[in-house]
Amino acid sequence: MEQLDTICSYKEVKKLDENGLKELCRKLRTLILDVTLKNGGHLASSLGAVEINAALLKAFNPDEDKVLFDVGHQSYAYKILTQGAERFATLRQKGGMAGFPRLDESRYDAFTTGHSSTSVSAAMGYAKARDLKGENHHVVAVIGDGSLLNGVSFEALNNMEPNNSKVIIVLNDNRMSIDRRVGGAANHLAQLAVNSTYKKFKAFVKKKSENSGFRPALENWKNKLKAILLPANIFEQFGISYWGPFDGHNAEELAKVFELAKQYDKSLVIHVITKKGKGFKETEENPSYFHGVGANSSLRIPQGSGKLAWSKAAADCLTELAEKDDKIFALTAAMKDGTKLGEFAEKFPERFIDTGIAEEHTLVYAAGLAAGGMKPAVCIYSTFLQRAADQVMHDICLPKLPVLLCIDRSGLVGNDGETHHGLFDAAWLKALPDMTIAAPRDEKELKFMIDGWAERKIPMAVRYPRGNVPAFDFEKSSAEWGKLQLISEGKDILLIAAGDTLPLMLETAEKLKADGRDATVVDLRFIKPLDKYGLLEQLKKHSLAVTAEDASLKGGIGEEIAALVSQNLLNCKIISVGVPDRFISHASSAEQWEDCGMTSGNIIRLINES
């Protein structure tokens, strides 16, 4: 690992010459690689933005100026230089540095981020507040080309001219989001970046402009030639000046461009071309794979662990179903690799849709497909589904359209932390009429539920966690549609599981058995509608029941089952374990489960105290 004490602080960056900046960027890349491979994190995008970060801190003063990073994947070098290399060594560990900018972590993190496309809007708010208070600092939004394609960013761009408060937008264009970017806006950026005639003339203007006497005339001709040679520029049509493109791996040049931008009196976009994964052969050649890595990784791409991940299991179910039913579609919002839809896309290219980072559009697109007689499945992370809550209600449930939500990364997800947990989907989806929600315990149940959706043509969500599909040592065929399943029967305590909490309840039952107490274990399978008849049958037999859910307790199954007990005047006490009413900080998944009391030891303690 690069010696931590050889990385300077942001205050020293301004003193560095061109060679000093190059050496700093080399050290930063080495440190980012070493720490991220050890602790896990977002690697390729951070490597690609090193020079941008160094140039920002050479040109701007973070004690006064506000630098906002979209998502935060690009901010590692900034966090190192403002918070310290030693602090960065704790990246994503419990109690350590967060993997994303956090207002409550550092005064230099100007905005809390984790989801894309918020930086321009937030920067506009900062700038307006600055102007109204009569302050004079700069506000910079650093946004990737993938994030720029989201509707939120375009809403902000559309509002920038009437907002009339200067913002500097640094557009980091690496031609990717997590996967390759898609769509017309992506093509527009590519056209802006590759016009060779204009680029040559721009270089000529830059050289001749060193003679100040030529500058006014040359700038005038430059603008005229720009209008002739370049395609219509969407930013300038929004009333925002466009500069670029510039080499995103030349920190010295970028710093000079940023200095000029400080003197400019209008909002502007600085278009910067970078290479995702820059600095190492492996990350440059495989930027999607190295976008995010787990702890204790290496630069070698593994051939596979032999274990089946939930994402792959869901994608396989859809692929198998699509082979038999030509109405099946699979949609994703820039997460083809994350949701393991690559094979589906290869086999059925006409029935695979990647919308880019555009969750709201994705859900309405799926609703349109369903209204047109198709059976679309949207594979989406729980944390990103939140961005399209209105579309689920208004465009899918209200007209009762047969859209399947394959909700990936439900529950606690570990080191990505608060912004990426999938804790709330069950609670808010339960509130929507005509929505069916299922939580499979294994691959067989997952297939049963997805096939059942295709047969019934209903609005439905199937939620499953991050990680690998468990294999149970009991043989259970799927129960009837909508019914809970009795896993084991005892006389003392009722343990109620849903999806990925079944292993926890089975472990608890084993420990209770060792203490001479028999437990009944049931798998709910369906979160909505609950199998009230099956539940009442079991609740009447027990005086104590424990529910466990890898989701928010507020609006969860524990609350609903407790209400069922109260409504039916049953003599059964309910204990609920799950995620409490607070945000859960970054740590390992095991540490987060323990922090939330989702352990067999804590459940037994609660039982003993009841």
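**Reading the labels**

Modeller: Gladly! Asn164 counts as exposed, with a relative accessibility of 66%.

Biologist: Why is Asn164 called exposed?

Modeller: Exposed means over 50% relative accessible area, buried under 20%, and partly exposed in between (1.4 Å probe, protein chains only). The value for Asn164 is 66%, so the residue counts as exposed. A word on the source: this is a predicted model, where local features need pLDDT of at least 70, side-chain atom pairs count only at pLDDT 80 or more, and totals for chains, interfaces and linings use all residues. Residues are numbered from 1 along each chain as its sequence is written, and side-chain values use heavy atoms, leaving out hydrogens and water.

Biologist: Where is Asn164, and what is its phi?

Modeller: Asn164 sits in the loop between helix H9 (151–163) and strand S4 (168–173); helices (H or I, at least four residues) and strands (E, at least two) are DSSP runs, numbered from the N terminus. Its phi is near 60°, a positive value in a residue other than glycine.

Biologist: And is Leu569 buried or exposed?

Modeller: Leu569 has 77% relative accessibility, so it counts as exposed. Leu569 also has a positive phi, about 55°, without being a glycine, and lies in the loop between helix H25 (557–567) and strand S19 (573–579).

Biologist: What makes a group of residues a nonpolar core?

Modeller: The members are buried Ala, Val, Leu, Ile, Met, Phe, Trp, Tyr and Cys residues, joined through side-chain atoms within 4.5 Å. The largest such core here has 53 residues, and Phe258 and Ile270 are among those touching the most other members. Helix H2 (residues 18–39) contributes the most, nine residues. A second, separate core has 47 residues, including Ile353 and Leu570.

Biologist: Which residues does Phe258 contact, beyond its neighbours within four places in sequence?

Modeller: Contact means heavy atoms within 4.5 Å. On that basis, Phe258 is in contact with Ile52, Ala55, Leu56, Ala59, Phe60, Val170 and Ile270.

Biologist: How do you know how far to trust the model?

Modeller: Look at pLDDT, the predictor's confidence in each residue, from 0 to 100. The chain averages 91, and 90% of the residues score at least 70. Over residues 193–198, however, the pLDDT is below 50, although this stretch has 14 contacts in the model beyond near neighbours in sequence. Where pLDDT is low, the predicted coordinates should not be read in detail.
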